[in-house]
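Student: I have a structure open and would like to go through it piece by piece. Can we start with the strands and then move to the helices?

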Amino acid sequence: MVGGGLNGVFYPVVGFASCVVFIYMSFWDLTPHYVKEMEMGFVRRNGSQFMVDGRALYVNGWNSYWLMDQAVEDYSRPRVRAMLHTGAKMGLTVCRTWAFNDGAYNALQISPGRFDERVFKALDHVIVEAKRYGVRLLLSLVNNLQPFGGKTQYVKWAWEEGVGMSSSNDSFFYDPYIRRYFKKYVKTMLSRKNSITGIEYRNDPTIFAWELMNEPRCMSDPSGKYLQDWIEEMAGFVKSIDRNHLLTVGLEGFYSPKSPGKLDVNPGEWASVLGTDFIQNSKSSNIDFASVHIYPDQWLVGQPLETKLKFVEKWVVSHIDDGDKVLKKPVMFTEFGLSNMNKDFELSQRDKLYKTIFDIVYRSARKNGAGAGTFIWQFMVGGMEEYNDDFGIVPWERPTTYRLITEQSCKLALIHRRDRLTRFERELCEKI
């Protein structure tokens with residue numbers, strides 16, 4: 001999200017009520033026929049479609065950025081299983097989550113090239129639990145924002161070591177020392193051998209794809225050169241290590257003057273000077289699919305809901321059109337949500353936003369188009385208030401939202417995989 005999640009600085013205090021919740025979620029509906037590990041193949045790309053086992057794949061997914069963080073401690077680890085199990089029961093096929101925590105509480109990377117094995121084992125656990133329920137993971141490698149360290153932490157490390165070119169956060173993209181820091185991190189992550197399965201991450205089909213950065217911006221360089229050079233270099237570096245997995249940038253989807261015919265699609269003039277350009281950044285030969293975020297209440301402050309929904313429709317259609325006609329690549333809407341801090345907010349408004357996006361992607365999928373999937377920001381389980389933000393939901397607490405999401409899962413699955421539904425999907429679609 002635009003706020004990038006919470007900072008991970010909380011030291012959770014677990015009371016009796018929370019423990020009851022965790023115990024309940026740990027054993028909730030975990031019947032034996034669901035815990036058998038599912039065989040997975042690597043997801044590939046064929047033009048503007050994802051393919052797996054010879055069939056087109058359209059994704060109904062979600063964000064739970066917190067999985068690795070919650071897998072570190074014994075008391076909170078059951079939340080990971082509860083969330084992945086729930087996602088699978090809802091027919092969701094991919095979860096987007098952080099594969100980074102740089103210098104913060106429960107840091108994975110303590111300092112450049114130094115890792116906490118305890119936290120790496122937590123990520124190992126997340127991957128194993130995802131496979132258990134047939135859920136793939138879209139793993140993001142660094143944050144543009146400060147929560148969980150982000151590019152700010154990399155710049156701070158270089159500055160503290162006396163090698164940094166600048167104290168500007170944007171030097172992350174052009175400082176050669178910081179680029180080396182990040183490459184070392186990427187190499188360690190991709191070649192990590194899972195302590196539970198013995199499989200290196202780069203050889204594990206449970207991982208759907210890598211994301212270079214969450215919401216990259218380089219506002220000190222509106223021309224976009226620094227960010228584009230960084231994307232080209234880092235995408236090539238990832239592919240030199242891992243040819244099995246797909247790769248995306250992690251963009252919000254804004255257009256710059258390099259795409260003059262698209263500037264009127266932006267939510268405002270401010271969006272064209274952030275150092276990013278959706279089309280140019282996504283065109284890189286080593287980038288397999290494009291990503292887009294949607295936060296109409298943060299981008300169109302004070303506008304009525306209907307105006308925001310009209311913008312969302314235009315925004316989604318425009319980017320799918322880019323995928324079909326310009327990029328020839330799949331387009332994933334990897335974050336979207338509606339804040340509960342809005343004046344006159346009602347939960348039903350979120351359903352309207354979700355349905356607007358779902359319907360457009362489904363229409364694209366039916367035509368074998370580039371609209372490849374959606375990821376709501378964000379899902380939680382009970383007892384996680386300190387990790388929530390003003391977009392988070394516990395999906396089973398609101399029946400209308402739960403049904404809307406599960407219906408989308410079934411609709412997408414039935415387009416190309418009617419005879420290859422998972423057990424979760426069969427049972428789910430029979431109920432709808």
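Tutor: We will take the strands, then the cores, then some helices and single residues. Keep in mind that this is a predicted model.

Student: Fine. Is strand β4 buried or exposed?

Tutor: Strand β4, residues 59-63, has five of its five residues buried, so the strand is largely enclosed by the rest of the structure.

Student: Which residues point which way from β4?

Tutor: Val59, Gly61 and Asn63 point one way, while Asn60 and Trp62 point the other way. All of these are buried.

Student: Which strands does β4 pair with?

Tutor: One is strand β13, residues 371-376, which pairs with β4 in the parallel sense over four bridges. There, Val59 stands opposite Gly373. Strand β5, residues 94-98, also runs parallel to β4 and is joined to it by three bridges. The bridge partner of Trp62 in β5 is Cys95.

Student: Now the sheet with β1. What is the strand order?

Tutor: The order is β1-β2-β3, in an open sheet of three strands with antiparallel pairing. β1 (44-46) and β3 (55-57) stand at the edges with a single partner strand each, so one side of each has no neighbour in the sheet. From one strand to the next, the twist averages 50°.

Student: And how many bridges between β1 and β2?

Tutor: Three bridges, in the antiparallel sense, with β2 covering residues 49-52. Arg45 stands opposite Phe50 in β2.

Student: Next, the cores. How many residues are in the largest nonpolar core?

Tutor: The largest nonpolar core has 109 residues. Those with the most contacts inside this core are Phe172, Phe182, Met189, Trp210 and Trp230. A second, separate core has 14 residues, among them Val52, Val94, Leu246 and Phe289.

Student: What does Trp230 touch?

Tutor: Leaving aside residues up to four places away in sequence, Trp230 touches Phe172, Phe173, Arg179, Phe182, Leu212 and Met213.

Student: On to helices. How many residues of α5 are buried?

Tutor: Eight of the 11 residues in α5 (residues 150-160) are buried, and the helix is mostly covered. The buried ones are Gly150, Lys151, Thr152, Gln153, Tyr154, Val155, Trp157 and Ala158.

Student: What covers them?

Tutor: The cover over the buried residues of α5 includes β6 (109-111) and α6 (176-190). Just after α5, Gly162 takes a positive phi of about 75°.

Student: How do α12 and α13 cross, left-handed or right-handed?

Tutor: The crossing of α12 past α13 is left-handed. The axes of α12 (residues 399-416) and α13 (residues 423-431) come within 10 Å and cross at roughly 115°.

Student: Which residues meet there?

Tutor: From α12, Arg403, Thr406, Ser409, Cys410 and Ala413 meet Glu425, Leu428, Cys429 and Lys431 of α13. By class, the contact has four nonpolar, two polar and three charged residues.

Conventions: Residues are numbered from 1 along each chain as its sequence is written. This is a predicted model: local features need pLDDT of at least 70, side-chain atom pairs count only at pLDDT 80 or more; totals for chains, interfaces and linings use all residues. Side-chain values use heavy atoms; hydrogens and water are left out. Buried means under 20% relative accessible area, exposed over 50%, partly exposed in between (1.4 Å probe, protein chains only). Helices (H or I, at least four residues) and strands (E, at least two) are DSSP runs, numbered from the N terminus. Two strands pair if DSSP finds at least two bridges between them. Axes are lines fitted to C-alpha atoms, for helices over the stretch in contact, and angles run from 0 to 180 degrees between N-to-C directions. A crossing is left-handed if the near helix is turned anticlockwise from the far one by less than a right angle, and right-handed if clockwise. Contact means heavy atoms within 4.5 Å. Ala, Val, Leu, Ile, Met, Phe, Trp, Tyr, Cys and Pro count as nonpolar, Asp, Glu, Lys and Arg as charged, and the others, Gly among them, as polar. A nonpolar core is a set of buried Ala, Val, Leu, Ile, Met, Phe, Trp, Tyr and Cys residues joined through side-chain atoms within 4.5 Å.
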